[in-house]
Amino acid sequence: MSEPGLVVDRLDARYGDFQALYDVSFSVAPGEIVALIGANGAGKSTLLRAICGLHPAGRDKIQWRGTAIGGRPANAVVKLGITLVPEGRRLFPSLSVEENLLLGGNIGRKGPWSVKAVYDLFPALIEKRHAPSTSLSGGQQQQVAIGRALMANPDLLLIDELSLGLSPIVIKDIYKALPGIISGGMSAILVEQDVNRALASSRRFVCLQEGRVSLAGLSGDVSRDAISHAYFGT
């Protein structure tokens with residue numbers, strides 16, 4: 001039997017009295033890309049934060065490779081091979097591009113990703129390597145954020161709002177690089193507002209509506225009417 005990947009089992013999440021997720025269940029197989037879609041406020045970012053240890057979760061509600069990891073701190077989850085590209089990029093403004101990348105590699109996991117490998121993937125960053133990270137364009141900052149996550153040599157990459165705030169040309173370049181990013185058996189959960197692009201880039205999808213799974217299945221088999229109903233409830 002193949003090694004299990006990520007399993008989320010009846011996960012709830014709250015912010016005080018407000019419940020953001022209700023009984024969410026889905027899985028990600030090794031080497032699989034799953035698109036996570038839904039309107040703003042549907043709970044997508046909360047779900048990613050719970051998976052990577054940035055939001056409280058019950059121990060058995062999140063399992064990674066057969067081990068319960070719910071509620072573990074983020075630094076422990078990174079060591080297990082799960083990293084997050086956060087919404088808004090969240091680069092360290094006092095650090096250069098290269099220093100941001102090196103910080104991502106501090107965890108010490110072995111694998112194919114190094115500073116050189118990131119520069120090979122995103123060559124525009126080479127001449128910016130000593131520049132303050134926040135002096136870059138939005139697209140280049142997103143490249144740094146992706147590179148920083150890859151430097152931890154993850155087995156599961158969580159990408160929150162990949163194309164948010166980027167120009168169409170930059171989005172096209174980022175998605176062109178995606179096969180080189182998600183390779184070698186790596187899995188990914190991709191949060192993306194552009195539903196067509198999300199479905200085209202994934203094997204399966206999960207749609208959230210007001211914190212609940214409203215639809216899930218194979219990305220190539222779902223109709224746009226079904227997506228619209230699951231997305232908006234209309």
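One aromatic pair is present in the structure. Rings of Phe, Tyr and Trp (its six-membered ring) pair if their centres lie within 6.5 Å; planes under 30 degrees apart count as stacked, over 60 as edge-to-face and the rest as tilted. The pair joins Y231 and F232, with ring centres 4.8 Å apart and planes at 55 degrees, so it is tilted. Y231 is buried at a relative accessible area of 9%, whereas F232 is exposed at 54%. Buried means under 20% relative accessible area, exposed over 50% and partly exposed in between (1.4 Å probe, protein chains only).

The model is predicted: local features need pLDDT of at least 70, side-chain atom pairs count only at pLDDT 80 or more, and totals for chains, interfaces and linings use all residues. Residues are numbered from 1 along each chain as its sequence is written, and side-chain values use heavy atoms, with hydrogens and water left out.

Charges also sit over rings. The criterion is NZ of Lys or CZ of Arg within 6 Å of the ring centre and within 35 degrees of the ring normal. R212 lies over the face of Y22, 3.9 Å from the ring centre. The charged end of R197 sits over the ring of Y175, at 5.0 Å from its centre.

Six strands make up an open sheet with mixed pairing, in the order β6-β7-β8-β3-β9-β10. The edge strands, β6 (82–85) and β10 (212–218), each pair on one side only. Neighbouring strands of this sheet are turned by 15 degrees against each other on average, direction ignored. Helix α5 (residues 138–150) packs on the sheet and touches β6 and β7. The direction of α5 makes about 170 degrees with that of β6. Strands β7 (residues 156–159) and β8 (residues 187–191) pair in the parallel sense over four bridges. L158 stands opposite I189 in β8.

Several terms apply here. Helices (H or I, at least four residues) and strands (E, at least two) are DSSP runs, numbered from the N terminus. Two strands pair if DSSP finds at least two bridges between them. Contact means heavy atoms within 4.5 Å. Axes are lines fitted to C-alpha atoms, for helices over the stretch in contact, and angles run from 0 to 180 degrees between N-to-C directions.

Helix α1 (residues 44–51) is largely enclosed by the rest of the structure, because six of its eight residues are buried. These are K44, T46, L47, L48, A50 and I51. Just after α1, G53 takes a positive phi of about 90 degrees. C52 is buried at 5% relative accessibility, and C207 is buried at 0%. The structure holds zero disulfides (pairs of cysteine sulfur atoms within 2.5 Å).
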